Amino acid sequence: MERLIEKLMYASRWIMAPVYLGLSLVLVALAIKFFQEIVHVLPIIFAIKEVDLILVILSLIDLTLVGGLIVMVMFSGYENFVSKLDVDEDSEKLSWLGRMDHGSLKNKVAASIVAISSIHLLKVFMNVDNIDNEKIMWYLLIHMTFVISAFAMGYLDRLLHAK
């Protein structure tokens with residue numbers, strides 16, 4: 001009975017495979033939004049104010065960072081929790097594929113969240129005249145929470161791996 005339960009538990013990891021595949025659909029949605037933003041800005045490129053163009057560019061960078069985060073979670077999560085990816089040796093292989101464990105994935109996700117938050121905070125600062133000071137304070141507080149959390153996770157991971 002114990003052996004059967006263990007086999008079932010081990011096989012249940014495959015339940016996550018469709019979830020990771022679903023992230024690729026989220027990636028498609030993100031790409032559509034990215035190009036939608038470009039299509040919106042191109043016709044007005046000569047009329048748009050520089051600050052507004054910078055805000056659009058920061059939004060595109062934000063979308064790109066989120067896309068990279070999705071790819072990282074999708075591939076690393078699949079490899080760490082479901083099965084190794086069988087990528088042909090002659091095809092392009094991501095350099096980090098197969099070498100990112102759960103701890104390093106967690107740290108990279110935290111660093112990506114800090115980067116995304118930084119871009120968002122920069123967008124807030126670019127539009128500071130139109131945003132209430134109390135909201136700005138909350139944005140800063142949330143960003144600093146992300147920064148401190150990422151630092152603490154990295155520090156704890158380093159302490160655990162040093163032993």
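When I say contact, I mean heavy atoms within 4.5 Å. With that in mind, take V41: leaving out residues up to four places away in sequence, V41 touches I48, L53 and V56.

Quick housekeeping: this is a predicted model, where local features need pLDDT of at least 70, side-chain atom pairs count only at pLDDT 80 or more, and totals for chains, interfaces and linings use all residues. Numbering starts from 1 along each chain as its sequence is written, and side-chain values use heavy atoms, with hydrogens and water left out.

Now the helices, which are DSSP runs of H or I, at least four residues, numbered from the N terminus. Helix 3 (residues 50-81) and helix 4 (residues 102-126) pack at an angle of about 170 degrees, their axes 10 Å apart. Axes here are lines fitted to C-alpha atoms over the stretch in contact, and angles run from 0 to 180 degrees between N-to-C directions. Over 145 degrees counts as roughly antiparallel, so that's what helix 3 and helix 4 are to each other.

Next pair: the axes of helix 4 and helix 5 (residues 133-162) come within 9 Å and cross at roughly 160 degrees. That makes helix 4 roughly antiparallel to helix 5 too. Residues in that contact include I113, L121 and F125 of helix 4, and Y139, F146 and M153 of helix 5.

Technical notes. Helix = DSSP H or I, 4+ residues; strand = E, 2+ residues; numbered from the N terminus. Parallel < 35°, antiparallel > 145°, perpendicular 65-115°, else oblique.
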